[in-house]
Amino acid sequence: MAAARPPRPAGALDWIIAVIAVAAVSVGATLLSGFLFDQTKTERIEIADSGRIDVESIYTDRIKGSTDPDYYPSRYQAIAKSLATDPVYFDGYPEFDIKDEEITAIRTVVADADTPIFVAFLNASDLDDADGDLDLLAARIVNEMDDAEAAVLTVDATGLMGVGEKGVHRPAMSYLSGEYEDTDSRNALTGVEQLRSAETVDLASSHSYKHDDNGSPLPVRPESATAPHDLEYSTGGAVAGAVIGIIVGGGAGIGIHFVRRALKKRTAKQ
């Protein structure tokens with residue numbers, strides 16, 4: 001039996017096959033990437049044009065409430081109506097940590113304020129129509145009030161606070177944050193004291209910076225997604241597809257090389 005010959009070094013044909021494999025997989029990956037993009041864009045356009053409401057869960061639907069300009073105002077109108085008779089409002093069922101003497105002190109502070117200040121203790125949740133954002137809740141309440149200049153301080157059951165203003169603005173007021181150890185009513189008292197003592201600036205319009213020119217509360221997290229009709233296949237996507245193709249194609253080319261080499265060895269031994 002003839003002695004086995006050593007494997008021949010990779011020749012021109014091997015390199016050509018490897019290059020063709022890399023190029024073929026790279027182009028294929030890029031074309032596939034573009035095809036999947038076009039397919040996804042078409043599906044999104046069909047959904048957008050159909051007007052169909054597609055909700056995976058209550059949470060994913062409600063979490064977009066803060067960006068909805070057509071929210072139902074009835075809750076905020078009811079709170080505003082209550083505040084017109086009593087400057088302190090309480091939602092019905094949350095267990096707020098309050099002390100009567102601190103609520104009395106809040107009423108005294110707001111009564112001495114130069115501009116109307118109101119306090120609303122609210123049940124705020126990520127599942128409500130404002131996504132639990134206390135600033136947006138306050139802005140929607142103050143929007144329903146008859147006072148030309150007013151501020152609403154909102155407080156949730158954890159002592160967090162938010163502010164909505166109309167007619168005036170307090171630019172130097174620091175961010176309101178309650179102390180965890182304090183009662184909710186103590187935090188609210190601190191908040192109204194800051195509001196009363198802060199310097200106010202008249203606004204050019206009758207609404208605060210948290211409202212648009214028509215008086216509608218501004219969304220806290222405006223919708224930033226690109227409309228499906230405007231989506232374009234980016235250069236980065238094409239480059240990424242090509243890179244993946246090169247990596248996969250390179251692996252395929254190396255694999256083909258070793259397979260051919262193994263076949264040649266087996267043929268040489270026969």
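1. At what angle do helix α4 (residues 100–111) and helix α6 (residues 184–197) pack? The angle is about 10°, and the axes of the two helices are 9 Å apart. Here an axis is a line fitted to C-alpha atoms, for helices over the stretch in contact, and angles run from 0 to 180 degrees between N-to-C directions. The value for this pair makes α4 roughly parallel to α6. For angles, under 35 degrees counts as roughly parallel, over 145 as roughly antiparallel, 65 to 115 as roughly perpendicular, and the rest as oblique.

2. A remark on the basis of this note is in order. The model is predicted: local features need pLDDT of at least 70, side-chain atom pairs count only at pLDDT 80 or more, and totals for chains, interfaces and linings use all residues. Residues are numbered from 1 along each chain as its sequence is written, and side-chain values use heavy atoms, with hydrogens and water left out.

3. The chain contains seven helices and six strands. Helices (H or I, at least four residues) and strands (E, at least two) are DSSP runs, numbered from the N terminus. Read from the N terminus on, the order of the elements is α-α-α-β-α-β-α-β-β-β-α-β-α.

4. The chain has 270 residues, of which 33% count as buried. Buried means under 20% relative accessible area, exposed means over 50%, and partly exposed lies in between (1.4 Å probe, protein chains only). Among contacts in the chain with a separation of 6 or more, 72% are between residues 24 or more positions apart. A contact means heavy atoms within 4.5 Å.

5. The pairing of α4 with α6 may now be described by residue. On the α4 side are Glu102, Ile103, Ala105, Ile106, Val109 and Val110, which meet Ser185, Arg186, Ala188, Leu189, Val192, Glu193 and Arg196 in α6. The residues of this contact divide into eight nonpolar, one polar and four charged. In this division Ala, Val, Leu, Ile, Met, Phe, Trp, Tyr, Cys and Pro count as nonpolar, Asp, Glu, Lys and Arg as charged, and the others, Gly among them, as polar. Ala105 of α4 counts as partly exposed, at 27% relative accessibility.

6. From α3, the contact is made by Arg75, Tyr76, Ile79, Ala80 and Leu83; from α5, by Leu137, Arg140 and Ile141. These residues divide into six nonpolar, no polar and two charged.

7. Which residues of α3 are buried? They are Tyr76, Ile79, Ala80 and Leu83. These residues lie on the same side of α3, because they cover an arc of only 100° around the axis. The arc is that of the directions from the helix axis to the C-beta atoms. What covers the buried residues of α3 includes the strands β1 (88–90) and β2 (117–121), together with helix α5.

8. Helix α5 also holds Val142. At 0% relative accessibility, Val142 counts as buried. The C-alpha atoms of Val142 and Lys166 are separated by 6.7 Å, while the two residues are 24 residues apart along the chain.

9. Two threonines in loops deserve attention. Thr115 is placed in the loop between α4 and β2 and counts as buried, at 10% relative accessibility. Not counting residues up to four places away in sequence, Thr115 touches Glu149 and Arg170.

10. Thr200 is found in the loop between α6 and β6 (201–202). Is Thr200 buried or partly exposed? Thr200 is partly exposed, since its relative accessible area is 33%. Leaving aside residues up to four places away in sequence, Thr200 touches Val168, His169 and Arg170. The C-alpha atoms of Thr200 and His169 are 5.4 Å apart in space, with the residues 31 residues apart in sequence.
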